[in-house]
Amino acid sequence: MDFAAVFEELPVACALISPDLVFIEMNRAYEQLARRPRDELIGRNVFQALPGDASGANARHWRAALEWVLTERQPYIMPWTRYDLSAPDRPGHSDRRFWSTVNAPLLGPDGEVALVMHRVEDITAFIEQLGEPPSITDEPSRFLEIEGEVYARSSELQEVNRRLRYAQAEKRQAIQALRETLKRQRQEVADASHDLRNPLTGLQARLEEALSDPDVDSHRVLQATLADAERLGDIVSDLLELARLDAGTPTDTEPLDICRLIRDLLGERPSRRVLDVRLDQAAIVDGCRSRLIRLLANLLDNAERHARTRIEVSATTERDGTGHRRAIVRITDDGPGIPADERETVFQRFYRRPDARRADPHGTGLGLAIARQTAETHHGTLYIADRPTGTCMVLCLPLSDSPLDQDQT
């Protein structure tokens with residue numbers, strides 16, 4: 001079948017428009033409708049070729065319709081629109097015409113819009129059957145009333161269509177988000193099951209050994225069993241914390257000095273690395289003490305795990321781009337660093353880089369995920385800064401407007 005001939009002989013005016021809104025091809029009916037030869041239209045921008053002002057209301061509506069088709073890859077039915085076309089047999093005069101337009105996408109092999117099928121029907125005769133067109137000197141007639149009513153109804157229909165399209169787009173986004181959430185949760189369940197299985201298997205094996213061999217070193221078995229139980233406790237504790245963060249469980253907050261929290265935390269944990277600590281006198285934030293301590297501990301654990309010889313800890317206050325003051329905590333190690341393409345991936349749940357698995361085979365891969373989510377629940381951010389060597393974790397938290405409690409000073 002010769003589809004080019006079919007396209008040419010279609011009784012309905014059709015044109016093909018490129019994604020950059022240029023006429024590519026049209027049939028004979030479109031030439032007749034536009035009252036211009038195709039040589040004057042093909043290769044030109046739609047808004048330079050169509051009747052009417054390129055910056056007028058009709059042009060704005062056409063542009064919105066074509067852009068919606070390109071973005072959503074769905075047909076767009078426009079309400080009828082009035083155009084004044086030059087009369088070929090009466091120079092300087094125009095005929096009033098009414099068009100009904102449909103724009104539909106033609107998708108390429110990659111699923112993107114390759115062309116837009118632009119179909120136009122002249123409905124002038126139908127509109128004029130509603131009543132005789134009035135002359136300039138006539139009083140408003142029934143025709144004008146009907147015209148206004150039809151236009152109002154078509155405008156309402158267009159608004160309904162617009163809302164339906166937006167609702168459809170939101171529905172698709174919600175469905176996609178639910179699918180991604182379900183996929184992530186399934187993966188998390190699989191990862192959690194794998195991490196729980198290892199200590200449970202070890203715990204079971206050691207208990208079976210103790211029951212079957214009366215001469216087994218019970219102290220050794222109990223020590224190993226305790227280690228497995230502690231590992232299970234760590235995993236369960238991390239999972240529960242993530243569940244609370246996901247659920248948005250409310251917690252009591254209070255003004256806290258982030259520098260004081262760091263000092264207390266460093267004083268409670270011995271470090272095998274050289275510590276370079278630089279803290280401002282005070283950086284007061286609103287937060288949950290237990291969650292912020294856990295966040296800072298996770299960052300310090302990560303630095304301790306990867307540092308070769310040295311860890312730097314600093315806290316200061318700065319103003320962001322909008323002028324708001326915030327506390328900035330930087331925890332830096334001199335380890336191998338994290339490639340730029342993995343700096344977001346390390347905050348995913350259960351993700352562990354090979355060097356992290358070697359440094360701590362029993363880690364859960366949840367520490368940085370918990371730290372990032374905790375920062376966000378405190379209206380802050382946590383990211384990895386650019387650095388030629390090592391890794392620099394940067395925690396940003398908004399400063400509090402409330403004074404520090406007396407017992408914390």
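Strand 11 and strand 13 pair in the antiparallel sense over eight bridges (two strands pair if DSSP finds at least two bridges between them; strands are DSSP runs of E with at least two residues and helices runs of H or I with at least four, numbered from the N terminus). The model is a predicted one, in which local features need pLDDT of at least 70 and side-chain atom pairs count only at pLDDT 80 or more, while totals for chains, interfaces and linings use all residues. Residues are numbered from 1 along each chain as its sequence is written, and side-chain values use heavy atoms, with hydrogens and water left out.

Within this pairing, Ile331 stands opposite Met393 in strand 13. Strand 11 also pairs with strand 10, again in the antiparallel sense, over nine bridges; here Thr317 has Ala327 of strand 11 as its bridge partner. Five residues lie between the strands of this hairpin, where Gly323 takes a positive phi near 90°.

We can turn next to helix 9. In this helix (residues 258-268), Ile258, Cys259, Leu261, Ile262, Leu265 and Leu266 are buried (under 20% relative accessible area, with exposed meaning over 50% and partly exposed in between, for a 1.4 Å probe and protein chains only). Seen down the axis of helix 9, the buried residues fall within an arc of 160°, so they line one face of the helix; the arc is that of the directions from the helix axis to the C-beta atoms. The face turned away from the buried side carries the exposed residues Gly267 and Glu268. The cover over the buried residues of helix 9 includes strand 7 (254-257), strand 8 (274-279) and helix 10 (289-306), as well as strands 10, 11 and 13. At the N-terminal end, Asp257 caps helix 9, with a side-chain oxygen 3.0 Å from the backbone nitrogen of Cys259.

Of its 35 residues, Ile258, Leu296, Leu299, Val329, Ile331 and Leu395 touch the most other members. Elements giving two or more residues to this core include helix 9, strand 11 and helix 12 (367-377), and helix 10 gives the most, with seven residues. Apart from this core lies another, of 29 residues, among them Ala13, Ala15, Val46 and Trp62.

Elsewhere, Asp95 lies in strand 5 (residues 94-107) and is buried, with a relative accessible area of 18%. The C-alpha atoms of Asp95 and Asp84, eleven residues apart along the chain, are separated by 5.4 Å.

Note on methods: Contact = heavy atoms within 4.5 Å. Polar contact = N/O pair within 3.5 Å; in protein donor to acceptor, adjacent residues only side chain to side chain. Core = buried A, V, L, I, M, F, W, Y, C linked by side-chain atoms within 4.5 Å.
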